[in-house]
Amino acid sequence: MAKYSDQIRSVRKITRETLTALLEEKPRNIMQIWKIIRKNNEEICDDEIKCTCGRKDGNQPEWQHQVRWGVQDLKYHKKIDLNRETRKYFIKKEE
């Protein structure tokens, strides 16, 4: 990730900071999350910077990859989860 600018790397941080508020409104799938993150942060969501990790053969913009990492960070910390049937992320209730 060091090869990307601070601007691109900030997408992951913004996702972690805003996603729980978005999901409190209603569950959302990754496409909906991408759309909202991009709409609210157009200046840092640059489609020209492609992901080069090898997984998507450089077709996916890096900002979308960073959003996915932000989502995974929240899942790892058990703040959100994925409904496998609907493919929507939701706030995980305290156990």
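Q: Are α1 and α3 oblique or roughly parallel to each other?

A: Happy to start there, with one reminder: this is a predicted model. Two packed helices are described by the angle between their axes and the distance between the axes. Here the axes of α1 and α3 cross at roughly 45° and come within 8 Å. Angles under 35 degrees count as roughly parallel, and α1 and α3 are therefore oblique to each other. Their crossing is right-handed.

Q: Which residues of α1 and α3 meet?

A: From α1 come Ile 8, Val 11, Arg 12, Thr 15, Arg 16, Leu 19 and Thr 20. They meet Glu 62, Trp 63, Gln 66, Val 67, Trp 69, Gly 70, Val 71, Asp 73 and Leu 74 in α3. Sorted by class, this contact of α1 with α3 has 8 nonpolar, 4 polar and 4 charged residues.

Q: Let me pick one residue out of that contact. Is Val 67 buried or exposed?

A: Burial is read from relative accessible area, with under 20% as the cut-off for buried. Val 67, found in helix α3, has 0% relative accessibility and therefore counts as buried.

Q: With its neighbours within four places in sequence left aside, what is Val 67 in contact with?

A: The partners of Val 67 are Val 11, Thr 15, Ile 30, Ile 33, Trp 34 and Ile 37.

Q: Which residues make the contact between α1 and α2?

A: On the α1 side, look for Val 11, Thr 15, Thr 18, Leu 19 and Leu 22. On the α2 side, look for Ile 33, Ile 36 and Ile 37. The contact of α1 with α2 divides into 6 nonpolar and 2 polar residues, with no charged ones.

Q: Where is Leu 22, and is Leu 22 buried or exposed?

A: Leu 22 belongs to helix α1. Its relative accessibility is 12%, so Leu 22 counts as buried. Leaving aside neighbours within four places in sequence, Leu 22 is in contact with Arg 28 and Ile 36. Leu 22 and Phe 90 are 68 residues apart in sequence, with a C-alpha to C-alpha distance of 9.3 Å.

Q: Now for the charged pairs. How many salt bridges does a search of the whole structure find?

A: Side chains of opposite charge can pair when their charged atoms come close. A search of the whole structure finds 6 salt bridges. One of them joins the side chains of Arg 12 and Asp 73, at 2.9 Å from N to O.

Q: Which residues are linked with Asp 73 in a network of salt bridges?

A: The network links Arg 12, Arg 16 and Asp 73. The side chains of Arg 16 and Asp 73 meet in a salt bridge at 3.1 Å, N to O. Here too distant parts of the chain are linked: Arg 16 in helix α1 and Asp 73 in helix α3 are 57 residues apart. Arg 16 has a relative accessible area of 34% and so is partly exposed, whereas Asp 73, at 15%, counts as buried.

Q: What does Asp 47 form with Arg 38?

A: Asp 47 and Arg 38 form a salt bridge, their closest N and O atoms being 2.7 Å apart. Asp 47 counts as partly exposed at 26% relative accessibility, and Arg 38 is partly exposed at 32%.

Note on methods
Residues are numbered from 1 along each chain as its sequence is written. This is a predicted model: local features need pLDDT of at least 70, side-chain atom pairs count only at pLDDT 80 or more; totals for chains, interfaces and linings use all residues. Side-chain values use heavy atoms; hydrogens and water are left out. A salt bridge is a side-chain nitrogen of Lys or Arg within 4 Å of a carboxyl oxygen of Asp or Glu. Helices (H or I, at least four residues) and strands (E, at least two) are DSSP runs, numbered from the N terminus. Buried means under 20% relative accessible area, exposed over 50%, partly exposed in between (1.4 Å probe, protein chains only). Contact means heavy atoms within 4.5 Å. Ala, Val, Leu, Ile, Met, Phe, Trp, Tyr, Cys and Pro count as nonpolar, Asp, Glu, Lys and Arg as charged, and the others, Gly among them, as polar. Axes are lines fitted to C-alpha atoms, for helices over the stretch in contact, and angles run from 0 to 180 degrees between N-to-C directions. Angles under 35 degrees count as roughly parallel, over 145 as roughly antiparallel, 65 to 115 as roughly perpendicular and the rest as oblique. A crossing is left-handed if the near helix is turned anticlockwise from the far one by less than a right angle, and right-handed if clockwise.
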